[in-house]
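Student: I am new to this structure and would like to learn how to read it. Could we go through it feature by feature?

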Amino acid sequence: MMLRIRSAMLVTAALAAGLLSHGAAQAASTTAKANATILAPLSISNTQGLNFGSILPGTTAGTVSVSALSARNCSSLICSGNAFAAAFTVISDSSAETVVTVDNSVDIASDSGGSMTVTLLPSATTLSLTSGTTSTLTVGGSLAVGASQKTGSYTGTFSVSVDYN
């Protein structure tokens, strides 16, 4: 009989130890996904330069403005010929928002030693691109022409970039 009681006590102790160890360690776990999106490289190309046309300076300083829509306005100057905003084509194989960065200004110079400053005016500071399509960006500007500005053909370059937002 003693053997039975001892066996029963051992079985009870073993069961209690098993129940206690399961009850004390109530661990939980789950999983999560890791994701990444690889975007296609952006492409930008210049299709037309910014042109203020022909300008006849006066004895006082003046300004020629060309809007991003290629509308020209001459103040205290005589202007003729074609004027148009610079144009750029942006291409992406990904749909995304982009940020447009354009130089604030550009100095243009002539072979005769004259120089003028153009303040640049982009048509947009962001572009919403759709996969497989092209977007157009234009850049107009305001040209400060000095009194009795030196004659000549003036040129300069400026930078335009687009980057994913």
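**Reading the features**

Tutor: Start with the bond between Cys74 and Cys79: the torsion about its S-S bond is about -120°, so the disulfide is left-handed. Keep in mind that this is a predicted model.

Student: What is a disulfide in general, and how far apart are the sulfur atoms of Cys74 and Cys79 here?

Tutor: A disulfide is a covalent bond that joins the sulfur atoms of two cysteines. In this model the sulfur atoms of Cys74 and Cys79 are 1.8 Å apart. The structure holds one disulfide.

Student: Is Cys74 buried, partly exposed or exposed?

Tutor: Cys74 has a relative accessible area of 25%. Buried means under 20% and exposed means over 50%, so Cys74 is partly exposed.

Student: How do I read a sheet, and in what order do the strands of the open sheet come?

Tutor: Strands of a sheet pair through backbone hydrogen bonds, in either a parallel or an antiparallel way. Here three strands form an open sheet, in the order β10-β7-β12, with antiparallel pairing. β10 (126-129) and β12 (160-164) are at the edges with a single partner strand each, so one side of each has no neighbour in the sheet. From one strand to the next, the twist averages 30°.

Student: How many bridges link β7 and β10?

Tutor: Strand β7, residues 96-102, pairs with β10 in the antiparallel sense over four bridges. To find the place in the model, look for Thr98, which stands opposite Leu127 in β10.

Student: How should I read an aromatic pair, and which residues form the one in this structure?

Tutor: Look at the distance between the ring centres and the angle between the ring planes. The structure holds one aromatic pair. Phe88 and Phe158 form this pair, with 6.4 Å from centre to centre and 70° between the planes, which makes it edge-to-face. Phe88 lies in strand β6 (residues 86-92) and Phe158 in the loop between β11 (133-145) and β12, so the pair ties together parts that are 70 residues apart in sequence. Phe88 counts as buried at 8% relative accessibility, whereas Phe158 is partly exposed at 23%.

Student: Which residues does Val106 contact, leaving aside its neighbours within four places in sequence?

Tutor: With those neighbours left aside, the contacts of Val106 include Met116, Thr117, Gly156 and Phe158. Val106 lies in strand β8 (residues 105-109) and counts as buried at 8% relative accessibility. Val106 and Thr117 are 11 residues apart in sequence, yet their C-alpha atoms are 5.8 Å apart in space.

Methods. Residues numbered from 1 in each chain as written. Predicted model: local features only at pLDDT ≥ 70, side-chain atom pairs only at ≥ 80, totals over all residues. Heavy atoms only, no water. Pairing = 2+ DSSP bridges. Helix = DSSP H or I, 4+ residues; strand = E, 2+ residues; numbered from the N terminus. Axes fitted to C-alpha atoms, helices over the stretch in contact; angles between N-to-C directions. Disulfide = S-S within 2.5 Å. Buried < 20%, exposed > 50% of the residue type's maximum accessible area, 1.4 Å probe, protein only. Phe/Tyr/Trp six-rings, centres within 6.5 Å; stacked < 30°, edge-to-face > 60°. Contact = heavy atoms within 4.5 Å.
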